[in-house]
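Dear colleague,

Please find below the structure that I am handing over to you.

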Amino acid sequence: MNIAIIGAGAAGLAAAKNLGTCHTITVFEALPSLAGVWASHASAPCQPIYEELRTNIPIDLMAFWDFPFDANDKRASTGDFPEAKAVRAYLARYADHFKLAPLIQFDRRVVSVEKVLDGWQVQFDNNEISCFDAVVVCTGHYHQPFFPAVPGLEDFHGRATHSANFVTGVDHREETVVIWGGHASGTDLVRLIAPHAKRVFWSGHAPTMADATSDLPNVQCCSDIERFEDERVILTDGKTVTGIDRVIFCTGYQYDFPFLSKSLLHHDGFQLTQLYRDLLHVDHPTLAFVGIPSLIIPFPLFDIQSRWLNALWSGNLIAPSSEDQRTWLLARDQAFAQTALPPRAFHRLGERQMHYLTDLLSEAGGPPMPDWFASAAKAAQSHRLRYASDYRDQPFNPSAYPPPS
């Protein structure tokens with residue numbers, strides 16, 4: 001098959017490596033270099049990776065199973081949780097090792113993907129058109145910042161921005177800042193901004209917030225934002241925050257595929273309800289998506305999804321019938337509807353990711369999950385809980401967190 005892969009980040013590289021063993025591959029990347037979200041380009045419309053960011057997954061756990069990080073990626077200053085530039089360098093070495101660079105066309109922005117009789121028609125921003133037998137979308141999660149609809153925001157007298165626009169904590173010197181969102185980006189920005197700000201109000205409901213800021217005297221944890229009133233922020237518990245210079249929304253991102261029509265892919269920014277196993281389009285078995293799930297260990301998941309696709313499209317795996325795939329989708333939709341989770345949690349795997357990966361691996365064949373992987377993932381969670389305020393600065397030793405007997 002002649003396959004187009006859209007995106008040369010970690011997901012696109014994993015797809016190219018695996019699918020390239022049996023198929024003709026072309027990777028199209030809108031930016032001038034690889035690494036996707038880990039790249040740093042002023043031309044990128046959205047920059048989720050900021051200067052001071054470090055990974056929140058230990059380096060050995062984060063790596064592709066067949067390509068570990070180098071020992072010198074563990075610098076004394078960053079230890080097991082390196083900076084973005086180390087991840088960029090790692091992905092460049094990965095591409096070199098598996099000879100992927102010749103497959104990538106840079107500065108090639110895809111503007112349209114359409115189904116045609118004998119395959120797929122891909123159009124680029126220079127109006128050129130190419131045709132392929134199959135398409136794999138590997139464009140990631142981080143293109144469309146999500147701003148919850150909050151009454152009064154349009155009349156708020158302070159500044160309202162998103163974590164996607166964050167650059168460095170020093171930019172918030174002597175400000176009073178409200179940071180809304182209690183998960184990864186919220187935690188990072190609170191800790192990066194607090195040393196420079198006059199005061200930080202951390203708005204959210206995550207149970208780990210107090211522990212993560214116990215060493216920051218100018219940070220006050222508070223409930224979620226209910227509405228804005230001129231210069232005031234009204235919280236869900238009825239309390240009011242005033243004198244605010246800036247509100248930063250650490251509220252995540254929506255899925256965004258501007259090159260796919262809504263008739264081809266139905267979604268509301270959070271729920272992609274046509275993807276069997278969060279991977280294969282139920283109506284178009286030659287259209288696939290690598291990297292849709294969230295709350296995951298991403299690089300290994302990208303690799304396993306790509307191995308599954310290669311087995312399918314090479315004829316070594318027979319996919320369930322369209323009817324059985326629809327039954328799976330309906331069951332998943334019904335199960336999610338029974339939860340109290342918001343729509344943005346639809347594709348979260350979390351603790352379910354090990355079962356997900358094991359199922360794909362058993363169907364795709366090839367090397368199984370390494371014995372150490374699942375236990376190391378649990379150890380990483382325990383490490384974050386034990387050192388909530390500074391887990392990145394503590395050495396990560398999986399043996400320090402033995403599994404329950």
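Among contacts in the protein between residues at least 6 apart in sequence, what percentage join residues at least 24 apart? The share is 61%, where a contact means heavy atoms within 4.5 Å.

Please note that this is a predicted model, in which local features need pLDDT of at least 70 and side-chain atom pairs count only at pLDDT 80 or more, while totals for chains, interfaces and linings use all residues. Residues are numbered from 1 along each chain as its sequence is written, and side-chain values use heavy atoms, with hydrogens and water left out.

Overall form

The protein contains nine helices and 20 strands; these are DSSP runs numbered from the N terminus, helices being H or I of at least four residues and strands E of at least two. Its radius of gyration is 22 Å, close to the 22 Å given by the globule rule for 405 residues, so the protein is as compact as a globular protein of that length. That radius is taken over C-alpha atoms, and the rule is 2.2 Å times the number of residues to the power 0.38. The C-alpha atoms fill a box of roughly 60 × 50 × 45 Å along the principal axes. Of the 405 residues, 53% count as buried (buried is under 20% relative accessible area, exposed over 50%, partly exposed in between, with a 1.4 Å probe and protein chains only).

Helix α1

Helix α1 spans residues 10–19, and ten of its ten residues are buried, so this helix is largely enclosed by the rest of the structure. Among them are K17 and N18. The cover over the buried residues of α1 includes strands β1 (2–6), β2 (24–28), β3 (104–105) and β7 (134–137), together with helices α3 (84–97) and α6 (298–313).

Salt bridges

There are 20 salt bridges in the structure, each being a side-chain nitrogen of Lys or Arg within 4 Å of a carboxyl oxygen of Asp or Glu. One of them joins R93 to D73, at 2.7 Å from N to O. This pair links distant parts of the chain, 20 residues apart: R93 lies in helix α3, and D73 in the loop between α2 (59–62) and α3. R93 is partly exposed at 23% relative accessibility, whereas D73 is buried at 8%.

K74 and D80 form another salt bridge, with their closest N and O atoms 3.2 Å apart. Here K74 is partly exposed at 36% relative accessibility, and D80 is buried at 11%.

Yours sincerely
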